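Subject: A structure for you to look through

Dear colleague,

Here is the structure I promised to pass on to you, with the sequence alongside. Please open both before reading on, so that you can follow each residue as it is named.

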Amino acid sequence: MVFSSLIFLCIFLPIMIIGYYVLPKKCRNIFLLLGSLFFYAWGEPKYIYLMLASIVGNYLFGIVIHYSAVKENISLKKIVLAVTVVFNIGLLIYFKYFVLLVSTARDLFNENIVVPEIALPIGISFFTFQGMSYVIDVYRQDYMLKDDGTRYDLVQKNPINLALYISMFPQLIAGPIVRYGDIKDYLKDRKTSFDKFSQGIERFIVGLAKKVILANSLGEIADKIFNADVNYIGAKVAWIGIVFFTIQIYFDFSGYSDMAIGLGKMFGFEFMENFNYPYIAKSIGEHWRRWHISLSTWFKDYVYIPLGGNRKGNVYFNLFVVFLTTGIWHGAAWGYLVWGIWHGLFVLLERFLKGKFKNVKVPGFIGWAYTMLVIFIGFVIFKLEEIPPALEYLSVMFLIKRTDYTAFAPGFYLDRKVVFIFVISVLACLPWKEYFNSFATKNENNVLVKVFNTCPEIVLETIKRVILILLLALSFMFIVNSTYNPFIYFRF
């Protein structure tokens, strides 16, 4: 079940909202948990057992680590942490990477090895990382201080609350990856209000529009181009394909994150932001501080810092490992690993050059153009998943490989509707509110600024709500009239 499906929007979500607010507070966590397990079981019922195994395993590991710390049994504490990591990583290796490892071994050694058929459970990378981070935080006792300075134990002794943390349907399938300490207090007691619920609806509508209007419209064209014979598409069409895919994956994933954050607000939770206009970055390092922020934060806290960060060991090695594992996390294909390494190498290069040429400032446009070029090339590898077809596609893009015949010209893909949505998509990649605030600060006497500042708040709110209603209606029209509705990050 996806957020942009009619069954979710018209049946599941209304039932969850009505049931949640009708029930007394003490029953709400159980209701959300049952709804979340049903949501996960909708697509693959048999993998609900995998979800339950992850919940039970991480709950027990957390309890044992907590009591071993109370008894000051450091050896047992370390052993259980190691078992926790093996348990969670083992689930990922078996369900996500085992087929790739077996097929690679078969190809390398030319043996008649039978490659097993193992379906990939949706969202396994997200809920596995959440469960593992919870136990690690219990081990390290992160988030122990309250706002008033008092201490508390991080461990969750209520299995219902921990199960809800791992399986909560708004961010179960594609994040953002939520740290347990960030929502611990919400699991115990959370406040809902009309304003917060309204904010949640607004955020959800924006995310839905991003997904079904922008991402789906351009993604369908991108898929047609990438699925075509690369020998007959030409450089211009190849560039259209990768530019559209780059926009698609951003609005697909950020739209899902917006909907997840909005749903969280509807039920009283606050989830971290996952995107911050990544396509305005002027370096690859900055891009990764703006892209999939919850994953970047996870790898920083659980891989980069434990390796030594920038204080111990070789910082270049530590960064390389982070991007290597980031690529591996994304999927069971060599292209993902190369994509991670590709980005990692440029982060290392930027760090090296910054240390050597501290006083040299790169013009903003040059930095942005370089960053987008690296992103485009990386996403070709990401999209095609394997190296040979990616290199062939890139050779067409950069005119290394020329063809005498192209099946379709760019005009075949670029009708007026597509061009209009493309322009809107490009504009939506920019932080206009931030730009306007900066402009208003410097130009207080500007006519536009004065009109905006003197406009009654009720008028601005009315305009915003009208726009949101139109976006929602338009989103439903796109959903009803289209059969193309994938979520790219469901595979991860």
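Asp137 is buried, and its relative accessible area comes out at 0%, while Arg140 is partly exposed, with a value of 33%. Please keep in mind as you read that this is a predicted model. Asp137 and Arg140 form a salt bridge, in which the closest N and O atoms are 3.9 Å apart; since the cut-off for such a pair is 4 Å, this one falls within it. Both residues belong to helix α5, which covers residues 124–140, and they are three residues apart there, or about one turn of the helix.

Side chains of opposite charge can pair when their charged atoms come close. A second example is the salt bridge between Arg179 and Asp301, where the N to O distance is 2.5 Å. Arg179 sits in the loop between α7 (169–172) and α8 (180–188), whereas Asp301 is part of helix α12 (residues 293–307), so the pair ties together parts that lie 122 residues apart in sequence. Arg179 counts as buried at 9% relative accessibility, and Asp301 counts as buried too, at 14%.

Which residue forms a salt bridge with Lys383? The partner is Asp223, and the closest N and O atoms of the two are 2.5 Å apart. This pair links distant parts of the chain, for Asp223 lies in helix α9 (residues 194–227) and Lys383 in helix α15 (residues 364–384), 160 residues apart. Asp223 counts as buried, with a relative accessibility of 18%, but Lys383 is partly exposed at 23%.

The residues of the contact of α4 with α5 divide into 12 nonpolar, four polar and three charged.

Key. Residues numbered from 1 in each chain as written. Predicted model: local features only at pLDDT ≥ 70, side-chain atom pairs only at ≥ 80, totals over all residues. Heavy atoms only, no water. Salt bridge = Lys/Arg side-chain N within 4 Å of Asp/Glu carboxyl O. Helix = DSSP H or I, 4+ residues; strand = E, 2+ residues; numbered from the N terminus. Buried < 20%, exposed > 50% of the residue type's maximum accessible area, 1.4 Å probe, protein only. Nonpolar A, V, L, I, M, F, W, Y, C, P; charged D, E, K, R; others polar.
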